[in-house]
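Hi everyone, thanks for coming. Let me put the structure up, and then I'll walk you through a few spots.

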Amino acid sequence: MSANAWRLDSGGRIDRTQRLSFRFDGSAYQGFAGDTLASALLANGVRIAGRSFKLHRPRGLFGSWCEEPNTIVQIGRGADLVPNLKATQVELFDGLDARSVNCWPSARLDVFAPLQLLAGLMPAGFYYKTFMWPNWHWFEPLVRRAAGLGVAPTLPDPDRYEERYEHCDVLVIGGGPAGLAAALAATRAGARIVLVDDRPVLGGALQWEEHIIDGQPALHWVSAVESELRAAARTRVLQRTTAFGCYDHNLVALCERSERTSPTAVRERLWHVRAAQVVLATGAIERPVVFPNNDVPGVMLASAAMNYAVQYAVRPGQRAVFVTSCDSAYDAAEALRARGITVVAIVDVRGEPGDSATSAARAGIPVMAGYGPARVHGARVTRGIEVRPLEQGAKSWRSDHVQRLDCDVLCVSGGWTPSVHLFSQVGGRLRYAPERAALVPAADLSTIRCAGSASGSFAVQDCLSEGFAAGREAAHLTGAAAECGVTPAALAKHAGVAPFWASPRDRRRKAWVDLQNDVTRGDLELAVRENLHSIEHVKRYTTAGMAVDQGKTSNMNALALLAELTGRRIPDVGTTDPRNVSRPARWSVLSSAAPHAPRPLAHRARRRVGRLRGLEASRLVRCARRFPGGARQIREARRADCGKPFRWFAARQNRSTRPRRSRFSKPHVLQQHAHSRRGPSPLRHHAQRARDHY
Amino acid sequence: MLRIPCPWCGPRDEPEFRWGGEVPLVRPGPPQAVTESAWAEYLFMRDNPKGLVRERWLHTLGCRQWFIVVRNTATHEIQATSALGDPLPEIRP
């Protein structure tokens, strides 16, 4: 099919005068300046852009930014090779050479594809059971080679990296409506601020959602705010910069990527920002719905479809069906329809969807209220979807009447998940808000506050007012008290949502929970049958929520399904803690401080992260995070855990299995040490006795 | 990374400092009179409570002075610091 069938004739924030050539899996394609690799692939009609991790199932684009689970690529060759990037986050440049990972020779024709037929033999944790006889170590090299995504480069990295330190009164993370409003208020108050945004252009979702702010189109408001911020002397705006870690005492680590202007330019820059106050306006990520065959290329998030159509002028498909439990998908459907894409129907699992449905129906989009997705048709590309009427409460089907809708793109939206990774990392607690179907911050910390979608307020008018208030309060607390002006106001939009995680169970077909790791609903059930009830155990056993995307689209669904399977409420299941370095950062930039030190890159990178984490990573200074339960002391904790008292400096040694590394663990050294520092008499015996006794 | 307010140098980053253990920690003596269990207690056993704790820190890469820090082991909040020789800072719950 020609490229024109997928690229819209007009619109989009791309520069059509500047054509860029690139290669993907060896084939040559063309895109425009302003495209990402993902949007350019979609515009060239590439539907299968990746293969799944375990079963090598064909997968297409699913998200449009950091949430993308499917399309992992590596770009460049030789020393320039960069593995495990998300195609959605790679800005297109002329001569880009990208390859899909975990498949050969290409994503379209993968020789490992027949592995799908063995899916029944490979449930969650199969490797714990099947490779035990005669010896796991015989299988290990093979299994390790079969697993894994990209290939690490073997040549030294020729690029330059830098690190910088920065101090400020208010650090605003996120350049969407809430972040911009917060930065605006703090700037006007006179504070010294840093605004961080990880996209190439400011505005966040305002780049593709259509809103009216202060009486003008949202993008006009964005550029007005941007010029005001750039004109302010004490405000620094960092674009293409990802905040990947939030550490003790408001130390935030940022990774700034440079535009590819010249080969000698600094490639990435590590920032250590120590802020008096932090405003987290990190937004929210749309959540898919779990139903049979929901991984076929062509199934994507409604926000992603809207993003591709509006920002990049790409048709995600020719005929679209929406499956939703929230109001924001109606805006996406409207935007697609306005760009000439046929919207076959909006399937809303809510029985009474409210005003959005009424206005969509008035605009001529059929709304099927109270229906749910029963299965997707198609294998290598979406051909249609079966829908069935749902019972009140959406737990079971109301009738056997199945209706098939033909479509080639299926946009799903099960609500929104606030991006609270940084907030949780620094110790913030979450609570489940059923009316928003999301885990939201329970309370702001003393110097860290969440605003906008990150705090669970998904409507644009709330994002603006919350962001503005957060920026003003943060600035006032640092002593900057100038007048901030009027809070920006937007025309109100609906943001209603009903909790809906999965269609009623269909035992004959796989329903995917985590697309990146091939985790199905059946895998979660298996884990529960095998008595793994803690979310942390289930995560490790099934691998739901691991790997490059860290479960940005899947965690909440896995959590809700686990709650359902174990008969608990969602707050009782709890959440997994997001790991340190919440977005992937390259070893090169993490070890930028000492580029020529004689240690391996990985070693230096780990040391650096350890330094950022400070106390938590230190073996000497103890912190009580590991010991829940009031004033329980370490001795009691140790006794309870293993029945032995705690030897504090030799506790990490296990004499029977590990080589002795610490000088303290060798008895003769301990004695010498005791002699030299503490005087001879009782301690010599004591050292011996202590070793035997403990 | 903590930011520790040294009583002499002001707030500095944690890598400049060295941790020196909980206080008060009284060495039993004289050595001949001390039982082995008392030595074991002194050498190996620490309270490590969850919550506020007083501890010694050394500003290794600064003024090289020892001082006392009141730190919350659960939140890493630093409540107070004081010079050695000054009265021990109060722990405010």
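**A loop, a sheet and chain B**

Let's start with A:Phe112, which sits in the loop between β7 (96-100) and α2 (126-130) of chain A. Helices here are DSSP runs of H or I with at least four residues, strands are E runs of at least two, and both are numbered from the N terminus. Before going on: this is a predicted model, where local features need pLDDT of at least 70, side-chain atom pairs count only at 80 or more, and totals for chains, interfaces and linings use all residues. Residues are numbered from 1 along each chain as its sequence is written, chains are lettered from A and ligands numbered from 1 in the order written, and side-chain values use heavy atoms, leaving out hydrogens and water.

Next, the open sheet in chain A: three strands, ordered β21-β22-β23, with antiparallel pairing. Strands pair if DSSP finds at least two bridges between them. β21 (371-377) and β23 (403-406) of chain A are at the edges with a single partner strand each, so one side of each has no neighbour in the sheet. Four bridges join β22 (384-389) of chain A to β23(A), and A:Glu386 has A:Arg404 as its bridge partner there.

Finally, chain B. It has one helix and six strands, running β-β-β-α-β-β-β along the sequence. Of its 93 residues, 42% are buried.

Methods: Buried means under 20% relative accessible area, exposed over 50%, partly exposed in between (1.4 Å probe, protein chains only).
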